[in-house]
Amino acid sequence: MELAGLWKRYQDWLYYHDGLGIYVDISRMSFDDAFVEQLTPKFEDAFKKVDELEGGAIANPDEERMVGHYWLRDAALAPSEDLKKHITEDLAAVKDFAEKVMSGSIKPPNAERFTDILSVGIGGSALGPQFVSKALAPAKAPLAIHFIDNTDPVGIDRTFEEIGDRIKTTLVLVISKSGGTPETRNGMVEAKAAFAKAGLDFAKYAVAVTGDGSKLDNVAKSENWITTFPMYDWIGGRTSELSAVGLLPAALQGVDVQSMLDGAKEMDIATRVHDIRKNPAALLALAWYFSGNGKGEKDMVVLPYKDSLLLFSRY
């Protein structure tokens with residue numbers, strides 16, 4: 001294609017969102033108008049199904065579950081007043097708890113305030129908080145964060161070595177939706193042992209993020225942990241970052257969680273537009289479908305040239 005044609009194609013297919021500050025350029029993919037026309041009905045069907053899911057349609061028929069992580073950033077979209085109330089109250093509780101921890105209103109038994117966070121989880125309960133910590137937390141966060149996200153005994157020992165004497169001022173977040181994930185339970189057991197070795201009452205340092213009535217929820221309440229935050233069955237592990245799973249550790253590190261939610265809401269709006277050319281997610285899907293011959297013959301690799309996005313591809 002000659003330069004004039006390439007320039008015209010670039011203008012036709014370049015996407016830019018001023019509020020989000022993002023560009024998407026798929027103009028150098030060699031699909032033609034006939035290909036786009038062929039895929040248009042598929043996209044129209046996809047747009048319709050997304051609308052249905054976000055309206056509360058059952059996404060998991062085996063378990064009769066909805067999928068509603070997008071309601072977390074805009075509670076007004078939730079399909080019931082009860083859900084809207086829970087989302088709004090949970091967010092307020094996260095913000096209030098983080099503020100009280102950072103101010104010293106909630107503190108360890110024998111110190112003025114907590115200095116560190118130990119987050120115990122695996123999969124989506126760990127990857128999201130790790131990513132946000134690298135991408136958004138300030139260099140000198142109010143509380144330094146550490147993670148136990150697998151059962152590597154050497155790695156766990158190293159984490160406690162890094163914490164050292166600050167274990168006396170370390171707040172532990174145990175994150176597990178079911179409360180029965182073996183790796184997370186093992187991490188909790190290791191944390192309990194470390195606190196016991198230091199002569200500390202683990203319950204006075206521990207917070208649970210889990211499903212109501214789960215094994216972890218029962219343990220936290222029976223042992224009188226500091227508090228618990230909920231995880232709902234309509235939020236999947238890898239889409240849980242904007243629930244208490246991710247918002248709590250982020251807020252404790254001084255991240256503006258309301259801005260996180262506002263940005264996600266704006267991206268949600270951008271990616272729900274029923275027009276391929278005006279929807280960045282649809283554009284990427286179109287390009288990927290074309291390059292993979294509609295069969296996933298190629299992978300999409302994201303390479304962020306930014307140190308703070310080191311964990312983006314992993315998440």
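How many salt bridges does the count come to? In this predicted model, the count comes to 14 salt bridges. The views below take up some of them, and then turn to a helix.

**View 1. Arg-272 and Glu-54 are joined by a salt bridge.** Here the N to O distance between the two side chains is 2.4 Å. Arg-272 sits in the loop between helix H9 (257–270) and helix H10 (280–291), while Glu-54 belongs to helix H2 (residues 33–54), so this pair ties together parts that are 218 residues apart in sequence.

**View 2. Asp-74 meets Lys-265 in a salt bridge.** For this pair, N to O is 3.9 Å. Asp-74 comes from the loop between strand S4 (65–66) and helix H3 (81–103), and Lys-265 from helix H9, so parts 191 residues apart in sequence are tied together here too. Have a look at the accessibilities as well: Asp-74 is buried, with a relative accessible area of 18%, and Lys-265 is partly exposed at 32%.

View 3. Glu-89 is partly exposed at 39% relative accessibility, and Lys-85 is partly exposed at 48%.

**View 4. Glu-54, Arg-73, Asp-268 and Arg-272 belong to one network.** What joins these four residues is a set of salt bridges that share partners. The pair from the opening view, Arg-272 and Glu-54, is part of this network.

**View 5. Helix H5 (residues 153–163) has buried residues: Ile-156, Thr-159, Phe-160 and Ile-163.** Seen down the axis of H5, the buried residues fall within an arc of 95°, so they line one face of the helix. On the other side, Val-154, Arg-158 and Glu-161 are exposed. Among the elements covering the buried residues of H5 are strand S5 (116–120), strand S6 (144–148), strand S7 (170–176) and helix H6 (182–197).

**View 6. The two ends of H5 can be followed through Asp-152 and Gly-164.** At the start of the helix, a side-chain oxygen of Asp-152 comes to within 3.1 Å of the backbone nitrogen of Val-154. After H5 comes Gly-164, and its phi is positive, near 60°.

Note on methods:
Residues are numbered from 1 along each chain as its sequence is written. This is a predicted model: local features need pLDDT of at least 70, side-chain atom pairs count only at pLDDT 80 or more; totals for chains, interfaces and linings use all residues. Side-chain values use heavy atoms; hydrogens and water are left out. Helices (H or I, at least four residues) and strands (E, at least two) are DSSP runs, numbered from the N terminus. Buried means under 20% relative accessible area, exposed over 50%, partly exposed in between (1.4 Å probe, protein chains only). The arc is that of the directions from the helix axis to the C-beta atoms. Contact means heavy atoms within 4.5 Å. A polar contact is a pair of N or O atoms within 3.5 Å; within protein, one must be able to donate a hydrogen and the other to accept it, and residues adjacent in sequence count only if both atoms are side-chain atoms.
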